[in-house]
Amino acid sequence: MTLATAADAATPAERRTITVRGACPHDCPDTCALLTTVEDGRAVRVQGNPAHASTGGVLCAKVSRYPERTHHPERILTPLKRTGAKGSGQFAPVSWDEALADIAQRLGAIAARAPQAILPYSYAGTMGLVQGESMDRRFFHRLGASQLARTICATAGGEGLTYTLGGKVGMKLEFFAQSKLILIWGSNSIASNLHFWRLAQQAKRDGARLVCIDPRRSETAEKCHEHIQLLPGTDAALALALMHELIAGDWLDHDYLARHTHGWPQLRERALQWPPERAAQVCGVPVAQIRQLAREYGTTRPAAIRLNYGVQRAHGGANAVRAIASLPALTGAWRHPAGGVLLSTSGYFPVQRQQLQRPDLMAGRPARTINMVTIGDDLLRDTSPEFGPKIEAVVVYNSNPVAVAPDSSKVVQGFAREDLFTVVLEHFQTDTADWADYVLPATTQLEHWDVHLSYGHTDALLNRPAIAPQGGSRSNTQIFRDLAARMGFTEPCFADSDEQLCRQAFGDAVDFDLLAEQGFAPLPVPDAPFAEGGFPTPSGKCEFYSDRLAERGLDPLPAYLPNHEAPGSSRLYPLAMISPPARNFLNSTFVNLKSLRDIEGRPLVEIHPQDAAARAIAEGDLVRVFNGRGSHECHAVVTERARPGVVNGLGIWWRKLGVNGTNVNELTSQALTDLGGGPTFYDCLVEVERLPSAPL
Ligand code: SF4
């Protein structure tokens, strides 16, 4: 059966105005169900689907502007070939035939010598399983290209969760509404987890207490009953001190500990080394605040933790997640559907990755893996026995590494290499597209098929194209199909249509008819998934002590690991910097939408009044934020949103819109997390100084 779009199904008269069901593709846990209104082939409105419970008919301000983004006058609608110097942003339109033939020839010549010299670079510009990880992966597997470790957001937390709970699994979203205590840990939910926040508000109206744990006094922190404004990267110390107090107060579920956990005696011993006084010193928060939080967590039922990825963007990120994810098993919070912890639900989704991505097409060839976090260094490496072949070609899609990867002056140097062949699939002329040899126009979510999992709820979603591909744009799948054909790849899997790929994504494990009919299909996840243990770990228990980590020669228990760049450890750079997302951007997406950019204003750094006064910085001053890696100019906002000793550089602006052509990633480092090879964006020391104002 071929899936019909709404446009196919309608009569010509009906076709003038139609509504099409879809899914939000962005890197956000909410994965909203969309309803797009199309008039005469043009998307005029994008709304939340009220039939989808967690979306509840509401979208964030960003995606509500999708028609503006899709029909934007600056959309790239034809293939572009570089005509000026690298990075000059000078391009000329060329035909698809010319672009594909040249790209296939250039990649083919490299592949004939050293296929691993070709690197795909992609992330969650779309979270779609079809446009993000199907035909593209088949193409690069068949080519024998280097593989990319897609680590830039969530691998440290994912590993921490997997070593503790057994996978990216946790509480079901809807039950937060019934919690009586919610710890919102490392998340500005109002900005980046809006639909959870609605449930937290419901719980609050029903008497729940909300506690926000975050180095920044975010919009969310302001609206909680309490804010614990700890130093960045010290979350594990706080969690261990909470355990200390749970033991001291005997607020433990001894039966749950005995039956459903592994390594309690060892964790108990570790936690007893963390009295609140010690943690208070490390975290920079009052002892009494830690004691009170422990009492509340130990004595309130049901108690829930909404953990988000902010906590794991520092050296000890995975261990912090291990420590926090252990807490519900100490108190037996998992016994109630509204108790436990939620970092990600993506592990519940039965994605058929072998079928979608076809790693068998590597046919036994070696697979060198490049970590996307260290792209800055790796683009500058020569051929060596340890590294393998120098990278000669990069194909970027669903990502904007020049803006989003850490240590961006190195990233720019890499993309500036005259001998690097760069192809970028994009909607807009981003910072990365400026460095391309070819820019290929990609479709947006409103123009292609896709299937989505979620990392915040437990419903699979289908995205139908609402409008035709704009101009000469093509879907990622079609571009890789076309390239495969040009390169003579004849395997039948390169002929799979997008509709076939949509069906392959979950195979028979999700009711595709239901997905096609209503746009979403719930997974059969129990309401209280670990009420009776049954964790998907090797032991079936919550693993405080991980034999798998011990086998790797690593600390088997959750630990506090100080930051690579610990606050207070440098005389030259005395301020810690974090770079949480600006509310109206999603990573670097939406920065070019004027209506959203106007709300955000301009690139800024939030600095506490004490730190500002010590540097003679006043509100609105032009400042230089700098360290040994680079210098970023922006404007100061003097505010108690920043805690003393910590500045907040909201991200992620496009470099070309910055005062001196940089963004916060000029300052962040390529150092990695304890597990998972993740980035340490929030583990960064800087100094700030006032610059003379520009002459009027
Ligand atoms: S970005 Fe998040 S909140 Fe906004 S529409 Fe997409 S999934 Fe929903």
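Trainee: Which residues surround the ligand?
Mentor: C24, C28, D30, T31, C32, L59, C60, V63, H195 and L586. A residue is near a molecule if one of its heavy atoms lies within 4 Å of it. Keep in mind that this is a predicted model: local features need pLDDT of at least 70, side-chain atom pairs count only at pLDDT 80 or more, and totals for chains, interfaces and linings use all residues. Residues are numbered from 1 along each chain as its sequence is written, and side-chain values use heavy atoms, with hydrogens and water left out.

Trainee: How does that shell split by class?
Mentor: Seven nonpolar, two polar and one charged. Ala, Val, Leu, Ile, Met, Phe, Trp, Tyr, Cys and Pro count as nonpolar, Asp, Glu, Lys and Arg as charged, and the others, Gly among them, as polar.

Trainee: Now T55. Where is it?
Mentor: T55 is in the loop between β3 (42-48) and α2 (61-64). Helices (H or I, at least four residues) and strands (E, at least two) are DSSP runs, numbered from the N terminus.

Trainee: Is T55 buried or exposed?
Mentor: Buried, because its relative accessibility is 0%. Buried means under 20% relative accessible area, exposed over 50%, partly exposed in between (1.4 Å probe, protein chains only).

Trainee: What is T55 in contact with?
Mentor: Leaving aside neighbours within four places in sequence, T55 contacts T31, C32, A33, G48, N49, H195 and R198. Contact means heavy atoms within 4.5 Å. T31, C32 and H195 also belong to the ligand's surroundings.

Trainee: New topic. Which residues touch the most other members of the largest nonpolar core?
Mentor: F139 and W185, out of 138 residues in that core. Such a core is a set of buried Ala, Val, Leu, Ile, Met, Phe, Trp, Tyr and Cys residues joined through side-chain atoms within 4.5 Å. Helix α11 (residues 235-248) gives the most to it, ten residues.

Trainee: And helix α6, why is it called largely enclosed?
Mentor: Eight of the nine residues of α6 (residues 135-143) are buried, so the rest of the structure largely encloses it. F139 is one of those buried residues. Just after α6, G144 takes a positive phi of about 80°.

Trainee: What about α7, how many residues are buried there?
Mentor: Eight of eleven, in residues 155-165. The elements covering them include α16 (317-331), β13 (340-342), β21 (542-543) and α24 (547-551).
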